[in-house]
Amino acid sequence: MGDELRLTLGWVAEAVGGLIRSGDPGSEIGNIVTDTRTLQPGDFFIALRGERFDANEFVGAAFGKGAIGAIVEKGSQGGAGQQTGQGVIEVEDTTRALQALAHAVRKASGTKVVAITGSAGKTTTKEAIADFLSGRFRVVKNKGNLNNHIGLPLSLLQLRERPDVAVMELGMNHVGEISALVAIAEPETRVWTNVGDAHIGFFASPDAIADAKAEILERADRTHVLVCNADDPRMMARVAGFAGRTLTFGTAAGATVRAVEAENLGIDGFRARVTTPAGERVIHAPLLGRGNLANVLAATAVALDFDVPLDDIVAAAARLKPADRRGAVRRLRGGIVLIDDSYNSSPSALAAALDVVGREARVSRKVAVLGEMLELGEHSLALHRASGKAAAAAGLRLLFVIGGPGARALADAAIEAGMPASSVRYAEKSEVAARDVASAVKAGDLVLVKGSRGTRTDIVADRIAAEFA
C-alpha cells in the first residue's frame with residue numbers, strides 16, 4: 001500500500017492524549033512492546049497495569065535493556081527516563097493509551113479491516129479469510145489468540161506496515177467487550193460466525209450471548225459489510241437493522257453463499273457443492289466437521305466481496321490447514337490418528353467433534369480424552385451430562401475424562417447411556433491422564449483430545465504424539 005507509517009514521540013503523545021515528560025517529540029518510535037521479557041534495544045515500552053501486576057514498576061528495567069521510550073501512568077515511578085534521556089509520555093491509564101494508539105494507527109494506515117466474532121470458529125474463519133485474500137492482497141492478522149482489549153490493539157499495531165487488509169478476530173466473555181473492540185478496530189467488514197454456548201456461565205441465556213455478540217453491528221455505515229450465518233436464527237433475528245450491506249452464508253435457501261450438497265469425509269474434512277453470486281463450484285477443505293464448512297463459507301463470502309476469483313478460493317480451500325490444536329489431524333506410528341482439538345471446548349463444539357469421530361469408520365477403535373468445559377456456570381452439570389450421552393453415541397471404546405464435577409457428570413452420563421464402566425476412566429489432572437492414555441492407546445486407534453484450556457488437555461495430546469511419533 002505504501003511506506004511504513006512513521007511514528008514519533010510527539011505523534012504518539014497526541015494520539016494517546018498524553019504529556020511528554022522527557023525526550024525529543026521528533027524522535028522515531030520503534031517496535032512497541034508491553035513485556036520487558038521480550039523487549040529488544042530500540043523498542044518502545046507501554047507499562048500496562050493489570051489485576052496482578054503493574055508494569056510501571058519495570059520501566060527502569062525496560063530502559064536498562066535499551067528501550068528508547070515508554071508510556072507510563074501519571075504519578076508512577078516511570079519517569080526514570082528523564083534522567084537518562086529516553087522519551088517518556090505520561091497518561092492517566094496506560095491500557096486506554098494502548099487502545100487509543102492502536103485506533104490512531106488503524107485510522108492513519110488506510111488499511112481495510114475485517115473483524116470476526118462468534119461463539120466458535122473465529123480463529124479458523126480468520127485463517128481462511130487471510131489465506132483466501134493473500135493471493136491478491138498484503139494481509140496481516142491477529143497472532144495467536146491476541147483478540148481481547150489488550151491483544152487486539154497489539155495486533156492492530158501491525159498496521160504501521162500499511163498492509164492492504166487486516167483480518168482480526170474479536171473475543172469476549174462479557175457484555176460490552178465486543179462494542180469496545182469495534183470502536184478500536186472500526187472494521188469495514190464484520191463477520192459473525194454463530195451463536196453458541198461458549199462462556200454461557202457469564203450470561204443468563206443463549207439469547208443474552210446473541211445480544212452481546214450483536215455489538216459487532218455497532219458503528220456501521222452504509223459502506224460497511226456484514227457477513228452472517230443464515231442458519232442461525234438468533235443471529236438473523238438481530239441483523240435486520242444493520243446499516244450497511246448484508247451477505248449471508250450457510251445451507252438455508254437464499255443464502256448468498258450456500259452449500260446445497262455437503263459430504264462429511266471424516267478425518268479428511270468435507271466436500272460441498274456451493275452456489276455463489278460468482279457461480280457454482282465444489283469446494284473441498286481438509287478441515288473437520290460441519291462447523292468448519294460454515295467457516296469456509298463465511299470466508300468465501302468475504303473473499304468474493306473483495307473480488308477474489310471463485311476458482312482461486314476453491315484452490316486455496318484445498319490447501320487450508322487447521323489452526324494449532326483446533327482439530328489438527330496427526331497420523332502417528334502404527335496407524336494411530338490423533339485429533340488434537342485441545343485448544344478449547346464448549347458443549348456445541350464438543351458435539352461437532354464427536355460427530356466427526358462417530359462418522360469415521362476407517363479405524364480400529366475410537367478413543368476420546370475430554371477435559372471439563374469451563375465458564376458454563378449453573379448450566380455446567382446439565383451440559384456435561386448431555387455431552388456424556390453424545391460421547392456414548394459416538395461409538396467410543398474408551399473415554400477418558402479430566403477435571404472436576406463437570407467431568408464426573410460427563411463420565412457418569414456416558415455410563416448411563418450404555419458405555420461399560422470399565423471403558424470410562426476419570427482423572428483430576430491432565431498430567432495423570434496423559435500417562436494412562438498413552439499406555440491404553442493401540443495401533444489403529446482414532447484419538448480425540450478436547451477440553452477447555454484450563455484443563456490442559458494439550459498435555460495429553462503432546463504425550464500421545466511423543467509416544468507414537
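Author: Helices here are DSSP runs of H or I with at least four residues, and strands are runs of E with at least two, numbered from the N terminus. One thing before we start: this model is predicted.

Reader: Is Glu375 buried, partly exposed or exposed?

Author: The relative accessible area of Glu375 is 33%. Buried would need under 20% and exposed over 50%. Glu375 is therefore partly exposed.

Reader: Arg456 has a positive phi as well. What is its relative accessibility?

Author: Arg456 belongs to the loop between strand S20 (445–450) and H16, and its phi is near 55°. It counts as partly exposed, a class that lies between the 20% and 50% cut-offs. The relative accessibility of Arg456 is 40%.

Reader: How many residues of the contact of H13 with H14 are charged?

Author: H13 brings Ser380, Leu381, His384, Arg385, Ser387, Gly388, Lys389 and Ala392, while H14 brings Pro405, Gly406, Ala407, Ala409, Leu410, Ala413 and Ala414. Eight of these residues are nonpolar and five are polar. The charged ones number two.

Reader: And H15 with H16, roughly parallel or oblique?

Author: The axes of H15 (residues 430–440) and H16 (residues 458–467) come within 8 Å and cross at roughly 30°. Anything under 35 degrees falls in the parallel class. H15 and H16 are therefore roughly parallel.

Reader: How many residues in the contact of H15 with H16 are charged?

Author: The H15 side has Ser430, Glu431, Ala433, Ala434, Arg435, Val437 and Ala438, and the H16 side has Ile459, Val460, Arg463, Ile464 and Glu467. Seven residues of this contact are nonpolar and one is polar. The charged count is four.

Reader: Let's go inside. Is Leu152 buried or exposed?

Author: Leu152 lies in helix H6, residues 151–156. Beyond four places in sequence, Leu152 touches Asn142, Leu146, Asn147, Met168, Glu169, Leu170, Leu181 and Ala185. With a relative accessible area of 0%, Leu152 is buried.

Reader: Asn142 shows up in that list. What is its relative accessibility?

Author: Asn142 sits in the loop between strand S7 (139–141) and H6. Asn142 counts as buried, at a relative accessibility of 2%.

Reader: Which residues touch the most other members of the largest nonpolar core?

Author: That core has 80 residues. One of its residues, Ile71, is in contact with Val12, Val16, Phe44, Phe45, Ile46, Ala47, Ile89, Val91, Thr94 and Ala97, leaving out residues up to four places away in sequence. Another core, of 39 residues, lies apart from the largest one, with Ala128, Val167, Ala285 and Leu297 among its members. Back in the largest core, those touching the most other members are Ile71, Ile89 and Leu399.

Technical notes: Residues are numbered from 1 along each chain as its sequence is written. This is a predicted model: local features need pLDDT of at least 70, side-chain atom pairs count only at pLDDT 80 or more; totals for chains, interfaces and linings use all residues. Side-chain values use heavy atoms; hydrogens and water are left out. Axes are lines fitted to C-alpha atoms, for helices over the stretch in contact, and angles run from 0 to 180 degrees between N-to-C directions. Angles under 35 degrees count as roughly parallel, over 145 as roughly antiparallel, 65 to 115 as roughly perpendicular and the rest as oblique. Contact means heavy atoms within 4.5 Å. Ala, Val, Leu, Ile, Met, Phe, Trp, Tyr, Cys and Pro count as nonpolar, Asp, Glu, Lys and Arg as charged, and the others, Gly among them, as polar. Buried means under 20% relative accessible area, exposed over 50%, partly exposed in between (1.4 Å probe, protein chains only). A nonpolar core is a set of buried Ala, Val, Leu, Ile, Met, Phe, Trp, Tyr and Cys residues joined through side-chain atoms within 4.5 Å.
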